[in-house]
Amino acid sequence: MDCKMEKSKIQMLYDACNYVFSQEELPNFQQIQWLKNILNTFEAVDVGIDEFRSDGSPGSGEVMNSNGLISGQGVSEITYIHIYECDQFSMGIFCFPAGRAFPLHDHPGMTVLSKLLYGSVYIKAYDWVRGETCSPRTNGLAGTAIDGIFNAPCEPSVLFPRSGGNIHSFTALTPCAILDVLSPPYSDDLGRPSTYFLDFPVPSLPGYAWLEEREVKLPCDLVVKGAPYLSPPLDVPDDDLC
């Protein structure tokens, strides 16, 4: 009799990310597609979220319902559920109440895979118009990569350092949640800070905008709360714990 328990989806995602992003070389197309295929199987309940219930108490900082799951409909502010982070990659979930927006921001030198778990979200994303310099940009001309509404279920998206909509914003049209894998994670010390931008469409160039770094690093109207990752458990080697 085989007593081995079937791996959870989050465990399969962690194992795959650990394999792909721990290599010295950059991931190839097949490896990115493998990760996308795993992400595409996810539903909210696979990461401890009940997308339909609202019986948590978000006003008191609690978003857990009577079933021990995060209440997707009970989130009153943008809420980040931290799952895992190491030097090579991170996994986490952003839960949005309807009407909340995450402003335009970049992902310097990063590959990001995202899966909309439930709900509807408007995404606007840009990529810099390529110039001679490869250093991080804070102002300049950018082309629109994404400008549309996404409804779950939909395929995962992937952005790369210079393509795929590396600079993007989210506006929740309904309560929604996005599972993100970032490689490598943000790090101020390693030159990967998160920079926020304002965009100014260029009337003479449809599909393009001038992006300018915000004077204040973190927008004062951006409120992101934290919530614990509840289930299922993640089996991580001791030397991988952060």
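**Strands and aromatic rings in a predicted model**

Mentor: Strand E5 and strand E10 (residues 167-172) run antiparallel and are joined by three bridges. Please keep in mind that this is a predicted model.

Trainee: Which residue stands opposite Thr 171 in E10?

Mentor: That residue is Ala 101.

Trainee: What is the order of the strands in the open sheet?

Mentor: The open sheet has six strands, and their order is E5-E10-E7-E8-E13-E12. The pairing is antiparallel. As a general point, strands of a sheet pair through backbone hydrogen bonds, in either a parallel or an antiparallel way.

Trainee: Which strands stand at the edges?

Mentor: Strand E5 (101-105) and strand E12 (197-201) do. Each has a single partner strand, so one side of each is left without a neighbour in the sheet.

Trainee: And what does the twist average from one strand to the next?

Mentor: The twist averages 30°.

Trainee: Changing topic to the rings: how many aromatic pairs are there?

Mentor: The count comes to 11 aromatic pairs. One of them joins Tyr 14 and Tyr 84.

Trainee: Why is the pair of Tyr 14 and Tyr 84 called edge-to-face?

Mentor: The ring planes stand at 80° to each other, and planes over 60 degrees apart count as edge-to-face, so this pair has that name. The ring centres are 5.1 Å apart.

Trainee: Where do Tyr 14 and Tyr 84 lie?

Mentor: Tyr 14 is in helix H1 (residues 9-21), whereas Tyr 84 is in strand E3 (residues 78-85). The pair therefore ties together parts that are 70 residues apart in sequence.

Trainee: Is Tyr 14 buried or exposed?

Mentor: Tyr 14 is buried, with a relative accessible area of 2%. Tyr 84 is buried as well, at 4%.

Trainee: What about Tyr 19 and Trp 34?

Mentor: Tyr 19 and Trp 34 form an edge-to-face pair, with 6.2 Å from centre to centre and 75° between the planes. Tyr 19 lies in helix H1 and Trp 34 in helix H2 (residues 29-39), so this pair ties together parts that are 15 residues apart in sequence. Tyr 19 is partly exposed, with a relative accessible area of 49%, and Trp 34 is partly exposed at 38%.

Trainee: Which residues form the aromatic cluster?

Mentor: The cluster is formed by Tyr 80, Phe 94, Phe 96, Phe 102, Phe 170 and Tyr 196.

Trainee: Last topic, the surface: which residues form the nonpolar patch?

Mentor: Val 129, Leu 205 and Tyr 208 form the patch, with about 220 Å² of accessible area together. Val 129 is in the loop between strand E7 (120-128) and strand E8 (139-151). Its relative accessible area is 32%, and Val 129 is partly exposed.

Definitions and conventions:
Residues numbered from 1 in each chain as written. Predicted model: local features only at pLDDT ≥ 70, side-chain atom pairs only at ≥ 80, totals over all residues. Heavy atoms only, no water. Phe/Tyr/Trp six-rings, centres within 6.5 Å; stacked < 30°, edge-to-face > 60°. Helix = DSSP H or I, 4+ residues; strand = E, 2+ residues; numbered from the N terminus. Buried < 20%, exposed > 50% of the residue type's maximum accessible area, 1.4 Å probe, protein only. Patch = residues over 30% accessible without salt bridge, like charges linked within 9 Å, V, L, I, M, F, W, Y side chains within 5 Å. Areas by Shrake-Rupley, 256 points an atom, 1.4 Å probe, with all protein chains shown as cover. Salt bridge = Lys/Arg side-chain N within 4 Å of Asp/Glu carboxyl O. Pairing = 2+ DSSP bridges. Axes fitted to C-alpha atoms, helices over the stretch in contact; angles between N-to-C directions.
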